[in-house]
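Me: Please examine the structure shown here and answer some questions about its helix packing and strand pairing.

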Amino acid sequence: MRPASFEYCKPRSLAELQALLRDNDGNRKILAGGQSLVPMMNFRMAMPGVLIDINGLHELDYVDDAGSALRIGALARHNRVMHSEVVRAGCPLLAQAYENVAHHTVRNRGTLAGNVCHADPASEMPAVLLALDAVLHVQGQAGVRRVAAEDFFLGMYTTAVEPDEFLAEIEIPKFDASRTGHFLELSQRKGDFAICGIAVAFSLVHGLFKDVRIACCGVGEKQSRLVQAEQWLENRPADAASIAGCGSIAAGLVDPPSDTKASGAYRRHLVGVLSAKAIEAALADLNRR
Ligand SMILES: Cc1cc2nc3c(=O)[nH]c(=O)nc-3n(C[C@H](O)[C@H](O)[C@H](O)COP(=O)(O)OP(=O)(O)OC[C@H]3O[C@@H](n4cnc5c(N)ncnc54)[C@H](O)[C@@H]3O)c2cc1C
């Protein structure tokens, strides 16, 4: 399989990247790790006329602890984020969820920013960023827009990034001592995309659930938060009845499609089971700290 012909450019500065994106009508595509874009080009599901390779922009390759938040640059590879000490300390949910994403060789090349810009509905990281209240810094021609994860994922393979913009940075609030989270999924094989995945995050204050986030992937056109399940769990005690109740409410909030991997009914069942199990696992993580 060969891609359609394209022009290739490799900017040497952010100013050059900006200039290349100016007046882009969608025919120009950014190449980051190439782990999603190149297969799509080979299958001719994507046929950009111009590829803008950002791999020379090393100033975009960072994972920083910025006090109350982590800042992850557009060129930070999956493996770098997954194994980063600042991520493991400041946001253990992100590192733990990565155990479900692709394989070592793919993670060596692919980037977190490329993953969320690709916005595959079965991808894990968009759900994780929703649960983490991440903020995405979108660089446009006139400046940077800060877009909440909730407003970033618009639909299947569609995000809030306009053709003349790029995702420059992902900002993730750090967990404090009371906050915990966990990601669980079912996939056909380890490293495959999720048939159903659930990311949860919450604080435990005097034995009560607070600031609950529950987000799902693989069960619809895009990753989304299960807001009514979050609200139901808010201020309830951390016991088996609360967790079971939250799971059944979560299952009632989705209407997943059927495909060759799983029926819609099975996926709905998984949303309930995985939500409850992810909450239990997050509580266990908190108790181990
Ligand atoms: C065998 C295999 C298994 C995989 N399994 C999984 C899995 O289980 N879960 C999962 O989530 N993913 C999986 N992936 C995909 C992988 O995570 C990719 O790395 C990721 O989806 C895309 O990141 P990338 O850096 O390679 O981006 P690219 O492929 O280079 O780009 C992807 C898209 O994002 C755009 N883009 C990239 N960076 C930016 C930016 N900074 N600003 C604006 N647009 C940008 C590109 O133009 C393109 O449209 C798998 C891939 C392979 C090959």
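**Helix packing and strand pairing**

In H11, Ile-243, Ala-244, Cys-246, Gly-247, Ser-248, Ala-250 and Ala-251 meet Arg-268, His-269, Val-271, Gly-272, Val-273, Ser-275, Ala-276, Ile-279 and Glu-280 of H12, contact meaning C-beta atoms, placed from the backbone, within 7 Å. The model is predicted: local features need pLDDT of at least 70, side-chain atom pairs count only at pLDDT 80 or more, and totals for chains, interfaces and linings use all residues. Residues are numbered from 1 along each chain as its sequence is written.

Me: How do H11 and H12 run relative to one another?
Reply: Helix H11 (residues 240–252) and helix H12 (residues 264–288) pack at an angle of about 150 degrees, with axes 7 Å apart. Axes are lines fitted to C-alpha atoms over the stretch in contact, and angles run from 0 to 180 degrees between N-to-C directions. Because angles over 145 degrees count as such, H11 and H12 are roughly antiparallel.

Me: Is strand S12 mostly covered or mostly open?
Reply: In strand S12 (residues 196–205), seven of the 10 residues are buried. A buried residue has 20 or more other C-beta atoms within 10 Å of its own, with C-beta atoms placed from the backbone. Strand S12 is therefore mostly covered.

Me: Which residue of S13 stands opposite Ala-201?
Reply: Eight bridges join S12 to strand S13 (residues 208–217), and the two run antiparallel; strands pair if DSSP finds at least two bridges between them. Opposite Ala-201 stands Arg-213.

Note on methods:
Helices (H or I, at least four residues) and strands (E, at least two) are DSSP runs, numbered from the N terminus. Angles under 35 degrees count as roughly parallel, over 145 as roughly antiparallel, 65 to 115 as roughly perpendicular and the rest as oblique. Two residues are in contact if their C-beta atoms, placed from the backbone, lie within 7 Å. A residue is buried if 20 or more other C-beta atoms lie within 10 Å of its own, exposed if 12 or fewer, and partly exposed in between; C-beta atoms are placed from the backbone.
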